[in-house]
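Subject: Structure for you to look at

Hi,

Here is the structure I promised to hand over. Please open it alongside this email. My notes follow below.

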There are 2 protein chains.
Amino acid sequence: MTDREEREGRSVVPIGVLVSGSGTNLQAILDATEESGFPASVAVVISNRRDAFGLERARRAGIPAVWVPHRGKDRAAFETALVAVLQEHGVEWVFLAGFMRILTGLFLNAFPDRVINIHPALLPAFPGVNAQGQAHDYGVRISGVTVHFVDEGTDTGPIVAQGAAPILPTDDATQVQQRLLRLEHELLPKVVKWAAEGRLNVIGRKVEVRLPEGDSHTLWLDG
Amino acid sequence: MTDREEREGRSVVPIGVLVSGSGTNLQAILDATEESGFPASVAVVISNRRDAFGLERARRAGIPAVWVPHRGKDRAAFETALVAVLQEHGVEWVFLAGFMRILTGLFLNAFPDRVINIHPALLPAFPGVNAQGQAHDYGVRISGVTVHFVDEGTDTGPIVAQGAAPILPTDDATQVQQRLLRLEHELLPKVVKWAAEGRLNVIGRKVEVRLPEGDSHTLWLDG
(Lines give C-alpha, C1' and ligand atoms only; values in the text may rest on other atoms or scores of the structure.)
Protein backbone atom coordinates (compact mmCIF):
# COMPACT_ATOMS: atom_id res chain seq x y z
CA MET A 1 0.00 0.00 0.00
CA THR A 2 1.12 3.54 -0.68
CA ASP A 3 1.23 6.20 2.02
CA ARG A 4 -1.95 7.66 0.70
CA GLU A 5 -3.70 4.30 0.75
CA GLU A 6 -2.55 3.69 4.32
CA ARG A 7 -3.69 7.14 5.30
CA GLU A 8 -7.11 6.55 3.81
CA GLY A 9 -7.35 3.00 5.10
CA ARG A 10 -8.32 1.37 1.81
CA SER A 11 -6.78 0.26 -1.43
CA VAL A 12 -6.42 2.34 -4.55
CA VAL A 13 -6.63 0.53 -7.91
CA PRO A 14 -3.47 0.83 -10.06
CA ILE A 15 -4.17 1.70 -13.69
CA GLY A 16 -1.99 2.03 -16.76
CA VAL A 17 -2.48 4.75 -19.36
CA LEU A 18 -1.31 4.41 -22.96
CA VAL A 19 -0.73 7.57 -24.98
CA SER A 20 0.69 8.48 -28.37
CA GLY A 21 0.43 12.24 -28.24
CA SER A 22 0.16 15.28 -26.00
CA GLY A 23 -1.84 13.42 -23.38
CA THR A 24 -4.51 15.94 -22.37
CA ASN A 25 -6.78 13.02 -21.45
CA LEU A 26 -3.96 11.57 -19.37
CA GLN A 27 -3.72 14.95 -17.65
CA ALA A 28 -7.45 14.89 -16.90
CA ILE A 29 -6.97 11.48 -15.25
CA LEU A 30 -3.88 12.67 -13.33
CA ASP A 31 -5.79 15.71 -12.08
CA ALA A 32 -8.68 13.49 -10.96
CA THR A 33 -6.37 11.12 -9.08
CA GLU A 34 -5.13 14.11 -7.06
CA GLU A 35 -8.58 14.48 -5.54
CA SER A 36 -8.94 13.06 -2.07
CA GLY A 37 -10.52 9.62 -2.07
CA PHE A 38 -10.18 9.01 -5.81
CA PRO A 39 -10.25 5.20 -6.11
CA ALA A 40 -7.52 4.79 -8.78
CA SER A 41 -3.95 5.90 -9.24
CA VAL A 42 -1.81 5.88 -12.37
CA ALA A 43 0.90 3.25 -11.86
CA VAL A 44 2.58 3.70 -15.24
CA VAL A 45 2.26 5.69 -18.45
CA ILE A 46 3.42 4.07 -21.69
CA SER A 47 3.89 5.57 -25.11
CA ASN A 48 4.94 4.09 -28.44
CA ARG A 49 6.46 7.49 -29.24
CA ARG A 50 9.55 8.57 -27.40
CA ASP A 51 8.69 12.27 -27.75
CA ALA A 52 5.03 12.00 -26.71
CA PHE A 53 4.36 14.86 -24.31
CA GLY A 54 2.23 12.44 -22.31
CA LEU A 55 5.44 10.82 -21.05
CA GLU A 56 6.65 14.21 -19.86
CA ARG A 57 3.36 14.81 -18.03
CA ALA A 58 3.86 11.48 -16.23
CA ARG A 59 7.44 12.37 -15.22
CA ARG A 60 6.29 15.74 -13.87
CA ALA A 61 3.71 13.89 -11.76
CA GLY A 62 6.40 11.51 -10.47
CA ILE A 63 4.89 8.54 -12.28
CA PRO A 64 6.93 5.94 -14.21
CA ALA A 65 6.98 6.88 -17.91
CA VAL A 66 8.00 4.13 -20.30
CA TRP A 67 8.71 4.31 -24.00
CA VAL A 68 7.82 1.08 -25.81
CA PRO A 69 8.70 1.59 -29.48
CA HIS A 70 6.58 -0.13 -32.10
CA ARG A 71 9.09 0.33 -34.91
CA GLY A 72 11.32 -2.62 -35.77
CA LYS A 73 9.03 -5.05 -33.93
CA ASP A 74 6.16 -7.16 -35.18
CA ARG A 75 2.79 -6.56 -33.57
CA ALA A 76 3.08 -9.55 -31.21
CA ALA A 77 6.47 -8.46 -29.89
CA PHE A 78 5.21 -4.90 -29.40
CA GLU A 79 2.13 -6.04 -27.48
CA THR A 80 4.10 -8.54 -25.41
CA ALA A 81 6.40 -5.69 -24.39
CA LEU A 82 3.40 -3.50 -23.45
CA VAL A 83 1.85 -6.28 -21.37
CA ALA A 84 5.15 -6.92 -19.58
CA VAL A 85 5.49 -3.28 -18.52
CA LEU A 86 1.86 -3.06 -17.38
CA GLN A 87 2.08 -6.30 -15.37
CA GLU A 88 5.38 -5.24 -13.84
CA HIS A 89 3.55 -2.22 -12.40
CA GLY A 90 0.63 -4.30 -11.15
CA VAL A 91 -1.87 -2.59 -13.43
CA GLU A 92 -5.49 -3.77 -13.11
CA TRP A 93 -7.11 -1.55 -15.73
CA VAL A 94 -5.72 -0.09 -18.96
CA PHE A 95 -6.92 3.19 -20.42
CA LEU A 96 -6.11 4.24 -23.97
CA ALA A 97 -5.95 8.02 -24.02
CA GLY A 98 -5.10 8.97 -27.58
CA PHE A 99 -3.14 5.77 -28.19
CA MET A 100 -2.87 5.40 -31.95
CA ARG A 101 -2.05 1.68 -32.36
CA ILE A 102 -4.63 -1.09 -32.87
CA LEU A 103 -4.42 -3.83 -30.23
CA THR A 104 -4.99 -7.51 -30.94
CA GLY A 105 -6.25 -10.40 -28.88
CA LEU A 106 -2.74 -11.00 -27.55
CA PHE A 107 -2.90 -7.75 -25.58
CA LEU A 108 -6.62 -7.85 -24.84
CA ASN A 109 -6.52 -11.39 -23.43
CA ALA A 110 -3.97 -10.24 -20.86
CA PHE A 111 -6.57 -7.76 -19.52
CA PRO A 112 -9.96 -9.30 -20.34
CA ASP A 113 -12.75 -6.68 -20.15
CA ARG A 114 -10.20 -4.33 -18.58
CA VAL A 115 -9.12 -2.17 -21.53
CA ILE A 116 -11.03 1.06 -22.18
CA ASN A 117 -10.65 3.63 -24.96
CA ILE A 118 -11.99 7.12 -25.54
CA HIS A 119 -12.95 8.06 -29.10
CA PRO A 120 -13.88 11.57 -30.29
CA ALA A 121 -17.18 10.69 -32.01
CA LEU A 122 -20.58 9.31 -31.18
CA LEU A 123 -19.80 5.73 -32.17
CA PRO A 124 -20.72 3.88 -34.32
CA ALA A 125 -20.45 7.09 -36.36
CA PHE A 126 -16.94 8.10 -37.47
CA PRO A 127 -14.68 5.30 -36.19
CA GLY A 128 -10.96 5.31 -36.91
CA VAL A 129 -8.56 8.20 -37.38
CA ASN A 130 -9.50 11.89 -37.55
CA ALA A 131 -13.03 11.39 -36.27
CA GLN A 132 -13.44 15.13 -35.67
CA GLY A 133 -12.48 15.90 -39.26
CA GLN A 134 -14.78 13.17 -40.55
CA ALA A 135 -17.69 14.66 -38.57
CA HIS A 136 -16.89 18.17 -39.77
CA ASP A 137 -16.69 17.06 -43.41
CA TYR A 138 -19.91 15.04 -43.21
CA GLY A 139 -21.80 18.08 -41.97
CA VAL A 140 -23.37 16.65 -38.80
CA ARG A 141 -25.03 19.11 -36.39
CA ILE A 142 -24.23 16.99 -33.33
CA SER A 143 -21.12 14.99 -32.56
CA GLY A 144 -19.57 13.77 -29.35
CA VAL A 145 -17.28 11.31 -27.64
CA THR A 146 -17.54 7.68 -26.65
CA VAL A 147 -15.84 5.78 -23.82
CA HIS A 148 -15.90 2.08 -24.69
CA PHE A 149 -14.33 -1.26 -23.95
CA VAL A 150 -11.75 -2.23 -26.52
CA ASP A 151 -12.29 -5.27 -28.69
CA GLU A 152 -10.39 -6.39 -31.77
CA GLY A 153 -12.36 -4.14 -34.11
CA THR A 154 -11.68 -0.46 -34.74
CA ASP A 155 -13.71 1.40 -32.11
CA THR A 156 -16.42 -1.27 -32.08
CA GLY A 157 -16.45 -2.42 -28.44
CA PRO A 158 -19.26 -2.15 -25.87
CA ILE A 159 -20.06 1.45 -24.88
CA VAL A 160 -19.73 2.70 -21.29
CA ALA A 161 -20.63 6.38 -21.65
CA GLN A 162 -21.15 9.04 -24.31
CA GLY A 163 -21.17 12.80 -24.41
CA ALA A 164 -22.61 14.98 -27.17
CA ALA A 165 -22.18 18.57 -28.30
CA PRO A 166 -23.44 20.78 -31.11
CA ILE A 167 -21.22 21.35 -34.13
CA LEU A 168 -21.64 24.97 -35.14
CA PRO A 169 -21.71 26.11 -38.79
CA THR A 170 -18.86 28.48 -38.03
CA ASP A 171 -16.63 25.71 -36.59
CA ASP A 172 -13.53 24.54 -38.37
CA ALA A 173 -12.19 21.04 -37.61
CA THR A 174 -9.95 22.43 -34.84
CA GLN A 175 -12.86 24.08 -33.04
CA VAL A 176 -14.80 20.82 -33.25
CA GLN A 177 -11.79 19.05 -31.74
CA GLN A 178 -11.55 21.58 -28.89
CA ARG A 179 -15.23 21.26 -28.01
CA LEU A 180 -15.03 17.46 -28.00
CA LEU A 181 -11.91 17.56 -25.80
CA ARG A 182 -13.93 19.33 -23.11
CA LEU A 183 -16.34 16.37 -23.17
CA GLU A 184 -13.46 13.89 -23.11
CA HIS A 185 -11.84 15.51 -20.09
CA GLU A 186 -15.08 15.32 -18.16
CA LEU A 187 -16.15 11.82 -19.20
CA LEU A 188 -12.91 9.81 -19.05
CA PRO A 189 -11.97 10.40 -15.38
CA LYS A 190 -15.55 9.56 -14.42
CA VAL A 191 -15.26 6.18 -16.14
CA VAL A 192 -11.86 5.57 -14.51
CA LYS A 193 -13.61 6.08 -11.19
CA TRP A 194 -16.46 3.72 -12.07
CA ALA A 195 -13.97 1.07 -13.23
CA ALA A 196 -11.90 1.30 -10.05
CA GLU A 197 -15.03 1.10 -7.93
CA GLY A 198 -16.03 -2.14 -9.66
CA ARG A 199 -19.13 -0.60 -11.20
CA LEU A 200 -18.62 -1.89 -14.77
CA ASN A 201 -19.86 -5.22 -16.05
CA VAL A 202 -19.71 -6.24 -19.71
CA ILE A 203 -22.63 -8.42 -20.80
CA GLY A 204 -22.41 -9.25 -24.49
CA ARG A 205 -22.53 -5.96 -26.38
CA LYS A 206 -23.85 -4.00 -23.40
CA VAL A 207 -22.11 -2.48 -20.40
CA GLU A 208 -24.00 -2.55 -17.15
CA VAL A 209 -22.93 0.31 -14.90
CA ARG A 210 -23.97 0.48 -11.27
CA LEU A 211 -24.24 4.26 -11.45
CA PRO A 212 -23.52 6.33 -8.36
CA GLU A 213 -26.61 8.19 -7.14
CA GLY A 214 -27.31 11.17 -9.39
CA ASP A 215 -24.68 10.22 -11.97
CA SER A 216 -25.32 9.59 -15.66
CA HIS A 217 -23.94 7.72 -18.70
CA THR A 218 -24.46 10.80 -20.81
CA LEU A 219 -23.36 14.38 -21.01
CA TRP A 220 -24.53 17.27 -23.19
CA LEU A 221 -22.33 20.27 -23.73
CA ASP A 222 -24.28 23.21 -25.09
CA GLY A 223 -22.00 25.37 -27.23
CA MET B 1 -54.32 32.77 -52.74
CA THR B 2 -56.37 31.14 -50.04
CA ASP B 3 -58.61 33.13 -47.71
CA ARG B 4 -56.02 32.83 -45.00
CA GLU B 5 -53.25 34.07 -47.28
CA GLU B 6 -55.38 37.02 -48.34
CA ARG B 7 -56.20 37.75 -44.72
CA GLU B 8 -52.53 37.73 -43.79
CA GLY B 9 -51.47 39.57 -46.91
CA ARG B 10 -48.74 37.20 -47.95
CA SER B 11 -48.29 33.81 -49.56
CA VAL B 12 -48.12 30.49 -47.77
CA VAL B 13 -45.89 27.81 -49.31
CA PRO B 14 -47.73 24.62 -50.36
CA ILE B 15 -45.97 21.45 -49.25
CA GLY B 16 -46.60 17.75 -49.83
CA VAL B 17 -46.16 15.11 -47.14
CA LEU B 18 -45.50 11.44 -47.92
CA VAL B 19 -46.34 8.86 -45.27
CA SER B 20 -46.44 5.09 -45.03
CA GLY B 21 -47.69 4.66 -41.48
CA SER B 22 -49.55 6.27 -38.63
CA GLY B 23 -48.31 9.73 -39.51
CA THR B 24 -47.49 11.25 -36.12
CA ASN B 25 -44.89 13.45 -37.82
CA LEU B 26 -47.53 14.53 -40.34
CA GLN B 27 -49.74 15.41 -37.36
CA ALA B 28 -46.95 17.53 -35.87
CA ILE B 29 -46.74 19.42 -39.19
CA LEU B 30 -50.53 19.80 -39.40
CA ASP B 31 -50.64 21.14 -35.85
CA ALA B 32 -47.86 23.63 -36.66
CA THR B 33 -49.66 24.87 -39.79
CA GLU B 34 -52.66 25.72 -37.60
CA GLU B 35 -50.59 28.35 -35.84
CA SER B 36 -51.19 31.90 -36.98
CA GLY B 37 -48.59 33.08 -39.45
CA PHE B 38 -47.06 29.65 -40.13
CA PRO B 39 -45.45 30.05 -43.57
CA ALA B 40 -46.42 26.65 -45.05
CA SER B 41 -49.59 24.68 -45.54
CA VAL B 42 -50.06 21.03 -46.43
CA ALA B 43 -51.51 20.90 -49.96
CA VAL B 44 -51.66 17.11 -50.23
CA VAL B 45 -50.79 13.98 -48.27
CA ILE B 46 -49.81 10.86 -50.21
CA SER B 47 -49.32 7.32 -49.03
CA ASN B 48 -48.25 4.15 -50.78
CA ARG B 49 -50.46 2.27 -48.31
CA ARG B 50 -54.21 2.59 -48.62
CA ASP B 51 -54.73 1.93 -44.90
CA ALA B 52 -52.03 4.34 -43.63
CA PHE B 53 -53.58 6.30 -40.77
CA GLY B 54 -51.72 9.33 -42.08
CA LEU B 55 -54.30 9.53 -44.91
CA GLU B 56 -57.09 9.58 -42.34
CA ARG B 57 -55.34 12.39 -40.44
CA ALA B 58 -55.26 14.39 -43.69
CA ARG B 59 -58.96 13.80 -44.38
CA ARG B 60 -59.86 14.88 -40.84
CA ALA B 61 -57.93 18.10 -41.45
CA GLY B 62 -59.76 18.65 -44.74
CA ILE B 63 -56.63 18.09 -46.81
CA PRO B 64 -56.50 16.01 -50.02
CA ALA B 65 -55.36 12.46 -49.16
CA VAL B 66 -54.17 10.37 -52.07
CA TRP B 67 -53.29 6.70 -52.17
CA VAL B 68 -50.57 5.94 -54.75
CA PRO B 69 -49.94 2.20 -54.62
CA HIS B 70 -46.43 0.92 -55.28
CA ARG B 71 -47.52 -2.67 -55.89
CA GLY B 72 -47.87 -3.81 -59.50
CA LYS B 73 -45.83 -0.85 -60.78
CA ASP B 74 -42.14 -0.52 -61.49
CA ARG B 75 -40.27 2.12 -59.54
CA ALA B 76 -40.35 4.65 -62.40
CA ALA B 77 -44.12 4.37 -62.84
CA PHE B 78 -44.65 4.72 -59.07
CA GLU B 79 -42.47 7.82 -58.83
CA THR B 80 -44.02 9.35 -61.95
CA ALA B 81 -47.41 8.93 -60.31
CA LEU B 82 -46.16 10.56 -57.07
CA VAL B 83 -44.70 13.51 -58.96
CA ALA B 84 -47.94 13.99 -60.92
CA VAL B 85 -50.04 14.21 -57.76
CA LEU B 86 -47.60 16.59 -56.06
CA GLN B 87 -47.38 18.87 -59.10
CA GLU B 88 -51.15 18.83 -59.54
CA HIS B 89 -51.38 20.31 -56.02
CA GLY B 90 -48.70 22.92 -56.71
CA VAL B 91 -46.34 21.51 -54.09
CA GLU B 92 -43.03 23.38 -53.66
CA TRP B 93 -41.44 21.24 -50.96
CA VAL B 94 -41.81 17.54 -50.20
CA PHE B 95 -41.46 16.11 -46.70
CA LEU B 96 -41.06 12.40 -46.07
CA ALA B 97 -42.60 11.64 -42.69
CA GLY B 98 -42.17 7.93 -42.17
CA PHE B 99 -42.32 7.17 -45.89
CA MET B 100 -40.80 3.71 -46.33
CA ARG B 101 -39.91 3.68 -50.04
CA ILE B 102 -36.51 4.64 -51.47
CA LEU B 103 -36.75 7.43 -54.07
CA THR B 104 -34.59 7.63 -57.18
CA GLY B 105 -33.31 10.48 -59.29
CA LEU B 106 -36.52 10.45 -61.32
CA PHE B 107 -38.45 11.75 -58.30
CA LEU B 108 -35.66 13.86 -56.84
CA ASN B 109 -34.98 15.70 -60.11
CA ALA B 110 -38.61 16.85 -60.14
CA PHE B 111 -37.96 18.65 -56.82
CA PRO B 112 -34.24 19.46 -56.80
CA ASP B 113 -33.02 20.24 -53.24
CA ARG B 114 -36.66 20.32 -52.18
CA VAL B 115 -37.13 16.85 -50.65
CA ILE B 116 -36.53 16.44 -46.93
CA ASN B 117 -36.67 13.34 -44.73
CA ILE B 118 -36.65 12.72 -41.00
CA HIS B 119 -34.74 9.70 -39.73
CA PRO B 120 -34.80 8.37 -36.14
CA ALA B 121 -31.04 8.20 -35.56
CA LEU B 122 -28.03 10.50 -35.40
CA LEU B 123 -26.92 9.90 -38.97
CA PRO B 124 -24.55 8.62 -40.28
CA ALA B 125 -25.15 6.11 -37.45
CA PHE B 126 -27.97 3.61 -37.98
CA PRO B 127 -29.28 4.38 -41.48
CA GLY B 128 -32.07 2.29 -43.02
CA VAL B 129 -34.94 0.46 -41.39
CA ASN B 130 -35.52 0.04 -37.65
CA ALA B 131 -32.94 2.63 -36.62
CA GLN B 132 -34.29 2.71 -33.06
CA GLY B 133 -33.86 -1.06 -32.74
CA GLN B 134 -30.38 -0.87 -34.26
CA ALA B 135 -29.38 1.77 -31.70
CA HIS B 136 -30.87 -0.22 -28.84
CA ASP B 137 -29.09 -3.43 -29.91
CA TYR B 138 -25.75 -1.65 -30.40
CA GLY B 139 -25.86 -0.34 -26.85
CA VAL B 140 -25.35 3.38 -27.51
CA ARG B 141 -25.93 5.78 -24.61
CA ILE B 142 -27.07 8.63 -26.87
CA SER B 143 -29.18 8.49 -30.00
CA GLY B 144 -31.33 11.02 -31.78
CA VAL B 145 -33.01 12.12 -34.96
CA THR B 146 -31.82 13.73 -38.17
CA VAL B 147 -33.67 15.98 -40.62
CA HIS B 148 -31.85 15.84 -43.94
CA PHE B 149 -32.18 16.49 -47.64
CA VAL B 150 -32.87 13.33 -49.58
CA ASP B 151 -30.35 12.08 -52.11
CA GLU B 152 -30.20 8.76 -53.90
CA GLY B 153 -28.46 6.98 -51.02
CA THR B 154 -30.16 5.52 -47.97
CA ASP B 155 -30.31 8.38 -45.44
CA THR B 156 -27.06 9.87 -46.73
CA GLY B 157 -28.13 13.40 -47.80
CA PRO B 158 -26.98 16.77 -46.38
CA ILE B 159 -28.11 17.36 -42.80
CA VAL B 160 -30.35 20.28 -41.80
CA ALA B 161 -30.85 19.67 -38.09
CA GLN B 162 -30.33 17.01 -35.45
CA GLY B 163 -31.71 16.28 -32.01
CA ALA B 164 -30.20 13.95 -29.42
CA ALA B 165 -31.44 12.15 -26.33
CA PRO B 166 -30.08 9.71 -23.79
CA ILE B 167 -30.86 6.01 -24.17
CA LEU B 168 -31.47 4.63 -20.70
CA PRO B 169 -30.32 1.16 -19.62
CA THR B 170 -33.90 0.35 -18.66
CA ASP B 171 -35.28 1.28 -22.11
CA ASP B 172 -36.65 -1.31 -24.45
CA ALA B 173 -36.75 -0.55 -28.19
CA THR B 174 -40.28 0.88 -27.89
CA GLN B 175 -39.25 3.35 -25.19
CA VAL B 176 -36.32 4.45 -27.34
CA GLN B 177 -38.77 4.98 -30.20
CA GLN B 178 -41.13 7.04 -28.02
CA ARG B 179 -38.35 9.32 -26.79
CA LEU B 180 -37.07 9.88 -30.31
CA LEU B 181 -40.59 10.67 -31.54
CA ARG B 182 -40.71 13.60 -29.13
CA LEU B 183 -37.57 14.96 -30.79
CA GLU B 184 -39.01 14.34 -34.27
CA HIS B 185 -42.24 16.19 -33.47
CA GLU B 186 -40.30 19.21 -32.29
CA LEU B 187 -37.66 19.28 -35.02
CA LEU B 188 -39.61 18.51 -38.20
CA PRO B 189 -42.15 21.41 -38.07
CA LYS B 190 -39.27 23.76 -37.36
CA VAL B 191 -37.49 22.67 -40.54
CA VAL B 192 -40.75 22.97 -42.52
CA LYS B 193 -40.89 26.56 -41.34
CA TRP B 194 -37.26 27.25 -42.29
CA ALA B 195 -37.83 25.69 -45.73
CA ALA B 196 -40.95 27.76 -46.39
CA GLU B 197 -39.18 30.92 -45.28
CA GLY B 198 -36.39 30.25 -47.80
CA ARG B 199 -33.77 29.79 -45.10
CA LEU B 200 -32.22 26.55 -46.48
CA ASN B 201 -29.37 26.44 -48.96
CA VAL B 202 -27.60 23.21 -49.94
CA ILE B 203 -23.90 23.72 -50.69
CA GLY B 204 -22.25 20.41 -51.51
CA ARG B 205 -22.61 18.18 -48.48
CA LYS B 206 -23.52 21.03 -46.14
CA VAL B 207 -26.76 22.86 -45.53
CA GLU B 208 -26.54 26.55 -44.82
CA VAL B 209 -29.46 27.72 -42.66
CA ARG B 210 -30.18 31.39 -42.10
CA LEU B 211 -31.32 30.67 -38.55
CA PRO B 212 -34.00 32.85 -36.98
CA GLU B 213 -32.65 34.81 -33.99
CA GLY B 214 -32.28 32.52 -30.99
CA ASP B 215 -33.03 29.36 -32.96
CA SER B 216 -30.71 26.35 -33.25
CA HIS B 217 -29.85 23.40 -35.52
CA THR B 218 -29.73 21.15 -32.48
CA LEU B 219 -31.92 19.94 -29.68
CA TRP B 220 -31.16 17.91 -26.56
CA LEU B 221 -33.89 16.06 -24.74
CA ASP B 222 -32.83 15.06 -21.25
CA GLY B 223 -34.63 11.88 -20.23
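Which residue of chain B comes closest to the rotation axis? That residue is Ala125(B), with its C-alpha at 2.5 Å from the axis. Please keep in mind that this is a predicted model.

**How the copies are related**

Chain B superposes on chain A by a rotation of 180°, with 0.0 Å of shift along the axis. The RMSD is 0.0 Å. The two copies are thus related as by a two-fold rotation axis. The interface fits that picture. Of the interface residues of chain B, 100% are also interface residues in chain A, so the copies meet through the same surface.

Start with the peptide bonds. Leu123(B) and Pro124(B) are joined by a cis peptide bond, with omega about 10°. Pro124(B) sits in the loop between β5 (115-119) and α6 (131-138) of chain B. Chain A has a cis peptide bond between Leu123(A) and Pro124(A), where omega is also about 10°. Pro124(A) is placed in the loop between β5 and α6 of chain A.

Next, the backbone at Phe126(B). This residue also belongs to the loop between β5 and α6 of chain B. Its phi is positive, about 55°, although Phe126(B) is not a glycine. Is Phe126(B) buried or exposed? Phe126(B) has a relative accessible area of 8%, under the 20% cut-off, so it counts as buried.

For context, most residues other than glycine have a negative phi, and most peptide bonds are trans.

**Helix α6 of chain A**

Helix α6 of chain A covers residues 131-138. Its buried residues are Ala131(A), Gln132(A), Gly133(A), Ala135(A) and Tyr138(A). What covers them? From chain A, the cover includes β5 (115-119), β6 (142-149) and α7. Chain B contributes too: β7 (159-166) of chain B is part of the cover. After α6(A) comes Gly139(A), with a positive phi near 90°.

**Another positive phi in chain A**

Asp155(A) is not a glycine, yet its phi is positive, about 60°. Asp155(A) is in the loop between β6 and β7 (159-166) of chain A. Its relative accessible area is 13%, again under 20%, so Asp155(A) is buried.

**Helix α2 against helix α7**

Take chain A to begin with. Helix α2 (residues 24-33) packs on helix α7 (residues 173-196) at an angle of about 45°, and the axes are 9 Å apart. That makes α2(A) oblique to α7(A). The crossing of the pair is right-handed. From α2(A), the contact uses Thr24(A), Asn25(A), Ala28(A), Ile29(A) and Ala32(A). From α7(A), it uses Leu181(A), Glu184(A), His185(A), Leu188(A), Pro189(A) and Val192(A). By class, the contact of α2(A) with α7(A) has seven nonpolar, three polar and one charged residues.

Now chain B. The axes of α2(B) and α7(B) come within 9 Å and cross at roughly 45°. The two helices are therefore oblique to each other. Their crossing is right-handed. Thr24(B), Asn25(B), Ala28(B), Ile29(B) and Ala32(B) of α2(B) meet residues of α7(B) that include Leu181(B), Pro189(B) and Val192(B). The contact of α2(B) with α7(B) divides into seven nonpolar, three polar and one charged residues.

How many of the ten residues of α2(B) are buried? Seven are, and the helix is mostly covered. The buried set is Asn25(B), Leu26(B), Ala28(B), Ile29(B), Leu30(B), Ala32(B) and Thr33(B).

Asn25(B) is worth a look on screen. Asn25(B) is part of helix α2 of chain B. Its relative accessible area is 6%, and Asn25(B) is buried. Leaving out residues up to four places away in sequence, Asn25(B) touches Ala97(B), Ile118(B), Glu184(B), His185(B) and Leu188(B).

**Past the end of α2**

Ser36(B) lies in the loop between α2 and β2 (40-47) of chain B. Ser36(B) has 72% relative accessibility, over the 50% cut-off, so it counts as exposed. In sequence, Ser36(B) and His136(B) are 100 residues apart. In space, their C-alpha atoms are 39 Å apart.

Best wishes

Key. Residues numbered from 1 in each chain as written. Chains lettered and ligands numbered in written order. Predicted model: local features only at pLDDT ≥ 70, side-chain atom pairs only at ≥ 80, totals over all residues. Heavy atoms only, no water. Least-squares fit on C-alpha atoms with pLDDT ≥ 70 in both. Contact = heavy atoms within 4.5 Å. Axes fitted to C-alpha atoms, helices over the stretch in contact; angles between N-to-C directions. Helix = DSSP H or I, 4+ residues; strand = E, 2+ residues; numbered from the N terminus. Parallel < 35°, antiparallel > 145°, perpendicular 65-115°, else oblique. Left-handed = near helix turned anticlockwise from the far one by under 90°. Nonpolar A, V, L, I, M, F, W, Y, C, P; charged D, E, K, R; others polar. Buried < 20%, exposed > 50% of the residue type's maximum accessible area, 1.4 Å probe, protein only.
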